[in-house]
Amino acid sequence: RIILMVLAFTSLPAHAKEERKPVVKEKGGASMAAGKIIKDCADCPEMVVIPAGSFDMGSSKGEPNEMPVHRVTISRAFAIGKTEVTQGQWKALMGNNPSKFGNCGDNCPVEQVSWDDISEPGGFLDKASHLAAAGARFSLPTEAQWEYACRAGTTTRYYCGDDPEGL
């Protein structure tokens with residue numbers, strides 16, 4: 001079982017007219033700049049718009065599976081969950097709470113969900129996509145999307161600098 005950490009739009013066709021610019025246009029012409037919060041339905045997670053761009057992924061000093069450093073380009077803006085998917089959001093869409101820590105409350109992250117629970121037809125991503133704006137599709141973020149969003153433009157070893165004490 002895995003923890004469902006975040007969801008990401010891998011495309012924003014319902015919101016975007018231009019794909020390669022940090023500011024895209026929402027349906028109806030409203031600006032959707034990087035950092036804008038979007039929420040397509042009452043039970044949908046809040047999403048943060050991440051602009052297209054490039055970054056250096058990997059490490060020259062870290063674990064072998066992080067090497068080598070290589071340039072990655074995110075060619076389209078995407079949106080990623082502002083927080084982990086909560087137990088309350090999971091219950092609202094799926095009608096159950098599989099979490100081991102179910103007494104934690106609706107704002108705690110959902111856990112104890114499998115890849116199948118998330119990705120199969122009728123799973124969380126499928127149900128969330130049906131509620132979202134026309135043409136939008138929820139998916140798990142790729143490794144590159146996740147790292148790009150987490151780095152938020154930083155070039156240090158950690159988001160807070162090179163010292164792990166700041167974590």
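Q: Which residues are buried in helix 4 (residues 143–151)?
A: In helix 4, the buried residues are A144, Q145, E147, Y148, A149 and R151. Buried means under 20% relative accessible area, exposed means over 50%, and partly exposed lies in between (1.4 Å probe, protein chains only). Helices (H or I, at least four residues) and strands (E, at least two) are DSSP runs, numbered from the N terminus. This is a predicted model, in which local features need pLDDT of at least 70, side-chain atom pairs count only at pLDDT 80 or more, and totals for chains, interfaces and linings use all residues. Residues are numbered from 1 along each chain as its sequence is written, and side-chain values use heavy atoms, with hydrogens and water left out.

Q: What makes C104 and C108 a disulfide?
A: Their sulfur atoms are 1.8 Å apart, and a disulfide is a pair of cysteine sulfur atoms within 2.5 Å, so the pair qualifies. The structure holds 1 disulfide.

Q: Why is the disulfide of C104 and C108 called left-handed?
A: The torsion about its S-S bond is about -55°, so the disulfide is left-handed.

Q: Why does C108 count as buried?
A: Its relative accessibility is 15%, so C108 falls under the 20% cut-off.

Q: Why is C104 called partly exposed?
A: The relative accessible area of C104 is 49%, which lies between 20% and 50%, so C104 is partly exposed.
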